[in-house]
Amino acid sequence: MEKKIEKWLNNGIIDKNTANILLEDIKKDKEQLRKTRTNITIYTIAVIFLGIGILTFISSNDWILQLLNSIDLIKILLMVLATFSSMWGGYKLAYENKKLPKLGNALFILSSLLIGGLYALIGQIYNINANNSSLMFLWLLSILPLAYIFKNNVINIISVILFIIGYCFYYMELDIDHAEVWTIYIPLILGTGLYTLGNIPLIKDKFNQFSIIYKVIGSIPIFITILILTCSVEQTYYLTSAFYIIPTIFLIILNLIIYIFHKKKETLLKLETSFLLSLLIFVLLILNTINVNPTLVTILANIGLLLIISFGFNYGYKFENEKIIGTTNFLLLIYIITNYCRWGWSFMDKALFFILGGLLLLSLGFYLEKKKKQINKKDF
Amino acid sequence: MKKIVLIIMAIWALIIIGFIYSQEYTLHNGKEVLLKTIPVDPRDLFMGDYVNLSYDIARFDNNKYHFEKNKTVYVKLKLDKYNIASVDSILNTPPKKSLYLKGKIAGYNTNYIVFGIESYYVKESTGKDIESNLRYGTFVKVKIDKNGHSKVIGFIE
């Protein structure tokens, strides 16, 4: 904003006095925003401390049993009281009185942690293993309405974490002893699944912040898995069980339906859908192939990563979005370092390895900084 | 907004009541039997100290029965005069008018059945003691309802 004010001043759209007033206002707003952010951070840390405190209070079977004289009902009632009063208090402060909206939202977060603690407590009382997928999904379904109705980012992130844990627990419960499930199938399906959620028209249009969260978190396992495939490929990933095939086909169909239901079929959406579909078809093919050709998979993985990086730069520079450019720079750096270490370490003299690596990174940094400056200049 | 908050709270309350009811149903209507077990591998994960229970009736001979991984099975039980349960037969469908336990063939071992009663929560820091005291085996009191669902009530120490 400051740059724009400077631009308006230089172009004679506003005078020096107006520019000063605007700059002063922006300074005040920034100060206010900084204070609010500090408040939110304090509240968030406070509720996380409270949530952890109550969860450990439950797990410390020894003294809690002595304290409450082994009456399970009292333990449950105490937790119900804490959960519901925190939810009701959150509503009163954030929406009815509107006196302390930040504290109110923090209490919503606390109630979303406590409801999970309550389910775990009931599970513990009845000797049900707390580390199971059903409990995680029950917790997830309970807090999802809170995230969406109150548009609460922290609760949404908690729900994504629960989804990931629940999904991993589900496959752990199946007890199928295949390392490939964890190295390729689970990260790719989790990543594409989360990314697909971010493309659902309703979420994209009305809850854009959530859509970005799903896409960012979903991209991480996808990128890491493809990066690993550029270096190391197993002889086989053969897994024909319905537990793997059905979710993959479901995601393919879901992506097609989402694409059809989007009114505006932007270039970005087309590219995202094509990439997700290619990735899912790749998963389906690799799961059904007895003997994988490692060279082919490595080539495909490299093409996939280069496509992501080129798309990132193309999109970032086209729309002059610094965040996308920055993220793509980071991805390119990881890709270069991984490949340089992989090939350079075994083929080069160690001194040459470091010297060339340093020079390569310096040149890359210089080129990217120059590009960034060009965008900034264009802004003026 | 107030209505929505109240609806969410009502749904949470229903889930809690339903969860407790489903567990209490087995405890109140189930038949009490004894199962021979060995406590193994006490671990301390999310929920404090607990012991893992490995039941004698969970293991079966692969030559006699053959089931696929993760398949649901029904273990028909026979009781002796002390109410100690042993396996009568392992079936694909629930037996009529007999006491049975519902279980699932383990994914890692096709001659082992998981019943969902393998965890038993104990006082903090006592899991390892229980394991070493009862390493030669003990009996666990279990309630089994007419649908084959089961709940652990306690140890016979």
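Student: Which residues of the largest nonpolar core touch the most other members?

Tutor: This is a predicted model, and in it the largest nonpolar core has 66 residues, of which Leu118(A), Trp139(A), Ile143(A), Tyr185(A), Tyr214(A) and Val283(A) touch the most other members. The element that gives the most to this core is helix 5 of chain A, residues 101-125, with 13 residues. If we stay with Leu118(A) and leave aside residues up to four places away in sequence, this leucine touches Met79(A), Val80(A) and Thr83(A), and also Ile16(B) from the other chain.

The two chains also meet where helix 6 of chain A, residues 133-149, packs with helix 1 of chain B, residues 2-29, at an angle of about 180° and with the axes 11 Å apart. Because angles over 145 degrees count as roughly antiparallel, helix 6 of chain A is described as roughly antiparallel to helix 1 of chain B. On the chain A side the contact is made by Leu138(A), Ser142(A), Pro145(A), Leu146(A) and Ile149(A), while helix 1 of chain B brings Ile4(B), Ile8(B), Trp12(B) and Ile15(B).

Key. Residues are numbered from 1 along each chain as its sequence is written. Chains are lettered from A and ligands numbered from 1 in the order in which they are written. This is a predicted model: local features need pLDDT of at least 70, side-chain atom pairs count only at pLDDT 80 or more; totals for chains, interfaces and linings use all residues. Axes are lines fitted to C-alpha atoms, for helices over the stretch in contact, and angles run from 0 to 180 degrees between N-to-C directions. Helices (H or I, at least four residues) and strands (E, at least two) are DSSP runs, numbered from the N terminus. Angles under 35 degrees count as roughly parallel, over 145 as roughly antiparallel, 65 to 115 as roughly perpendicular and the rest as oblique. Two residues are in contact if their C-beta atoms, placed from the backbone, lie within 7 Å. A nonpolar core is a set of buried Ala, Val, Leu, Ile, Met, Phe, Trp, Tyr and Cys residues joined through C-beta atoms within 7 Å. A residue is buried if 20 or more other C-beta atoms lie within 10 Å of its own, exposed if 12 or fewer, and partly exposed in between; C-beta atoms are placed from the backbone.
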